[in-house]
Amino acid sequence: MSPLGTQQLLEARSAEEAREMVQAAAEAGTALRIRGHASRAWLHPIDARPDCSELRLGGLRGMRWIDAGDRTCRVQAGTSLAELDEALAEAELMLPFWDGSAGSVAGAFLGGGPSLFGAAWGMPRDQVLGARWILPDAREVRSGTRVVKSVAGYDLTRLLLGSRGRLAACTELTLRLRPRPRQWAFLQAPETTPEQRLGSCLAVRLPGGSSAGQDLVLWSDPLAVPAAVRAEPLAPQELEDAVLARLREALRPQRGWEPSGVHADEDALLRDLNQGLSVFSVARSTGWPRADSNWLPAVQAVFAGSAIPFGG
Amino acid sequence: MSATGLPPLLRQRLEAAVGTEHVLTDAGSLLAYESDALTLFRCQPGAVVLPADAQQVQACVQVLHEAGVPFAARGAGTGLSGGLLVPAGGVILALSRMNRVLEIDVERRVARCEPGVVNAVLGRHAAQHGLRYAPDPASQTVSTLGGNAAENAGGPQCFLHGNTTQHVLGVEVVLADGRRETWGGPHALSDDLDLRGFACGSEGSVAVLTGLILRLIPQPEAVGTLFGAFADVATACRAVSAIVAAGLQPLALEVMDQRAIHAVEDSVYRAGLPREAGAVLIVEVEGTAAQVERDAAAVEALLGEHAPLQIERAQDEAHRLRIWKGRKGAGGALGRLAPDSLVMDGVVPRSHLAEIMEFVEEVAEQTGLPVANLFHAGDGNIHPHFSYDGRDPDQCARVEIASTKILLKCLELDGSISGEHGIGLEKQHLMESQFDAEELALMQQLRRVFNPADLLNPGKGLPMKRGCAEAFHRHRHLTLDEEFPA
C-alpha cells in the first residue's frame, strides 16, 4: 500500500483490508475517522481533525450466520439494515430496531441514536450481544459474547457503541433477535407543537403492556406509532379497535389528541415511520445536543494505544 | 494496619462524616460483613460505615481516598461470586440506609431511587401506578437495586426483558477520588460515552453508585403460568427449544431438576411440584387476556408433545405466586441441606443446554457431592447448586474443581463463565480462558482510568496478581487442569 496521505477516502471490503488500512494510517501518523455508509453522519457529527482521512466500512457486507434456535445472528458491520431485515425475514425473526436510515447496521448502534422500538425493547444497543473491533493501532479485539447473557468482564460493547466511532472501528456484530411480528399497525395523529415534539418520547400502552413488542412509541409529528403485534394475527377490525381504544384512553386526557386511524399496511407503515423519524431527528439534533464527555480523552487513549485516536 | 483495628484518626474522620453510631468496628458486627452469599471466600473488614446519603458517601470516599484505604460498596450482601470483600483493614460502605424511592414519573415511566432500595420494594411502588421493574433476581426480596446494577443481575423475566443494564437509564456516582457525577439520564438516549453501561456489571470497581434512574414498564394485562413435569432434564430442555422454535415469546422459561424439586417441597417454599418428576419446566406468558389464552394453549400443546408426566396451569394469582415462591425459594431451600452452597453460573447457547446439563451430571458424580439444578433455560443460563461443608478443605477443593470444569465446558460450547452473578473472586482464574490478553489488558487499563489507585473494590472481576490473592485469605490458587482428589 502506498504511504497514506491526509484527507483520503479509504473504502475497505473486508475486515482484514480494514485492519491493513488502519495499520498503514497508524504507521504514517495519519488520523482516521470511521464511517459506514456515511448516511447518519449529519445526525451524529464528531469534531474530527480537518486533516483526517476517512475509512469507510460500508463494504463489509453480509450475514455470517443466523441461529434461529438461539434467536441470534452475526452480521458484518457494513450490512445495511434493509439487507439484514431481508435475511432475518426468511427465518421469521427481526431485529427490533428501526431508525429510518438506509445506513449500516453498525452505524445504527454506534451513533447512539434512538429506535422506534425503544419503549418496548429499550435502548438499541441492548440488542447487541458482542462485536469485533479494530483499534487505532490496528489491534483486533472482541467484546461481549454470542450468548444472550454474559456479565464476565467489563461491558466494552456498551462503552464502544454510542462512541460514534471514536474509540474503535466495528467490523462485525452479534445480535439478539426477536420473533418477527405477524402484523403491524400504526397510527397518525394531528400536528403537535414543538414543545410537545421535544418532550414526546411519550410511550402509550397497548392493552397488554410493553411485552413482546406490543408497546407504542409516539415521536414527533406526524405521529408515527409502530405497534408490533406478535401473536396470532388479530382481525384487522379487532386490531384497530384495540389500538384506537387504548390510544383514545391514554391520549385524550393528556394531550387532547384524537387518533385518526390505524393502518395495517407495512409499506404505509415504513413510509410514515421515515417521515416521522426525519422530523424527530431534526428536533433531536437541535433539542438534545450532546457534549463530549470529560472522560473521552482518557478512554480514547486506552483504546488508541500509541496511535492517534480515531477522529483525531 | 491490623486486621482488627482502624487507625484512630481514620476512624474519627469517618465518624465525623456519618456519625459515631454508623461506624461499626466491633467483632460481632464485622462478622456479618466478612463474606457475601458465596461463603467460600471470607475476609473481615476493618470497619463498616453506613452513610445516609450521597453526600456522606462522598465524604467517606474522600477520607478513604486520602488515607489510601481500600473500600467497597455493599447493598444486601446477596452477591454470589465473592465480589465485595475488602482486604483486611479495608472499609465496607454499607448503603442499606440509602433506601428511599425518590420519584416515580408515571408518564415517562422512570423511577429515581437510592441504591439501598430493595428490588421488590421498588416493584411494590411501581405496581401502584400499573408499572413494574422487570429485573427479578431470585434474591429480589432482599437484594438491593444498587447491588443489582453493579452486578448486572438477571432473573427469570430477563428472558423477555433483559438483564439489569437494560433497565438502568442513568446512575449517580461517587468516583474513587470522591468526585460526584451523573452518567446517563431519564431521556433513554445515550450519552456521548455510555459510562452508565460501563458501570453496570463493573462489580463496584468503577464508581460507587449513589443514585439510580430506572426504566419501568407497564404491568401486563394478563399473565399465564404453567408447568410441565418431565422424566428428566433433557426432555425439559427439548420442550424449551420447541417453545422457542414455535415463535412464542414467554416471559420466563425456568427448569428445576428433581433434587431442587425435593428441596423445595421439603421446605417452607413448598409449591406443589410433583416429587416424582425428573424435572419441571415453568413457563410464564403475558400480554392481553386473549393473547395469554392463545399463548398458554400453544405452550400447553407443545409441553404435551414431550411425554409430560403432568401439566398444570395456575388457576389463580395465589397458585401462580406459589409456583414462583417455589422457584425463587429453591436457593434458600437447598441452603438447608449443608453448611455451605456454591451456586454456579454459566451460559451456553440455548441449543447446547441438553449437552451442558449432561456434562454437569458427569462432573457431579465425580465430586461425590449433592448437586441440584435450577436454571434460566430460555437464556441458556445454568445454575448447578453444590451443597458442601466449607470446614472440609477436601470438599472445598472438589466444588471449586467442579466449578472450573463446568465453566470451561461452557466456554467450549461458545458460552460465558457468568450470566448474572459476576466474576468476583470466584472466577478470576477463568477470565484468561474467555478473553485474550489484549482484551484483558484493555479492561485493566480502563479500570485504572476510573480507579487509578485500585482502592475501589480491589482485586475483583479481573485476574489479579498472586500476591493480591493472599490479601483475601484465599485458601489456594486455582489452576485450570486440576483433577478431583482421589
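Predicted model: local features only at pLDDT ≥ 70, side-chain atom pairs only at ≥ 80, totals over all residues.

I started with chain B and looked up how far apart two of its domains sit: the C-alpha centres of domain 1 of chain B and domain 3 of chain B lie 41 Å apart. The domain assignment of chain B lists domain 1 (8–94), domain 2 (101–218) and domain 3 (222–335); such bounds come from an automatic or database domain assignment.

Residues are numbered from 1 along each chain as its sequence is written, while chains are lettered from A and ligands numbered from 1 in the order in which they are written.

Next, chain A. I find 9 helices and 15 strands in chain A (DSSP runs numbered from the N terminus: helices are H or I with at least four residues, strands are E with at least two). Of the 312 residues in chain A, 55% are buried (20 or more other C-beta atoms within 10 Å of the residue's own; exposed is 12 or fewer, partly exposed is in between, and C-beta atoms are placed from the backbone). I also checked contacts in chain A between residues at least 6 apart in sequence: 69% of them join residues at least 24 apart (a contact means C-beta atoms, placed from the backbone, within 7 Å).

Then I looked at a sheet. It is open, has 3 strands in the order β1-β3-β2 (chain A), and pairs in parallel (pairing takes at least two DSSP bridges between two strands). β1 (9–11) and β2 of chain A are at the edges with a single partner strand each, so one side of each has no neighbour in the sheet. On average, neighbouring strands of this sheet are turned by 25 degrees against each other, direction ignored. Helix α1 (residues 15–28) of chain A packs on the sheet and touches β1, β2 and β3 of chain A, its direction making about 165 degrees with that of β3(A) (axes are lines fitted to C-alpha atoms, for helices over the stretch in contact, and angles run from 0 to 180 degrees between N-to-C directions). I see 4 bridges joining β2(A) to β3(A), and Arg33(A) has Glu54(A) in β3(A) as its bridge partner.

Most residues other than glycine have a negative phi. Ala38(A), not a glycine, has a positive phi near 60 degrees. Ala38(A) sits in the loop between β2 (32–35) and β3 (53–56) of chain A. Is Ala38(A) buried or partly exposed? With 14 other C-beta atoms within 10 Å, Ala38(A) is partly exposed. Arg164(A) also has a positive phi, about 55 degrees, and lies in the loop between α5 (156–160) and β9 (169–176) of chain A. Arg164(A) counts as buried because it has 26 C-beta neighbours inside 10 Å.

Definitions and conventions: Contact = placed C-beta atoms within 7 Å.
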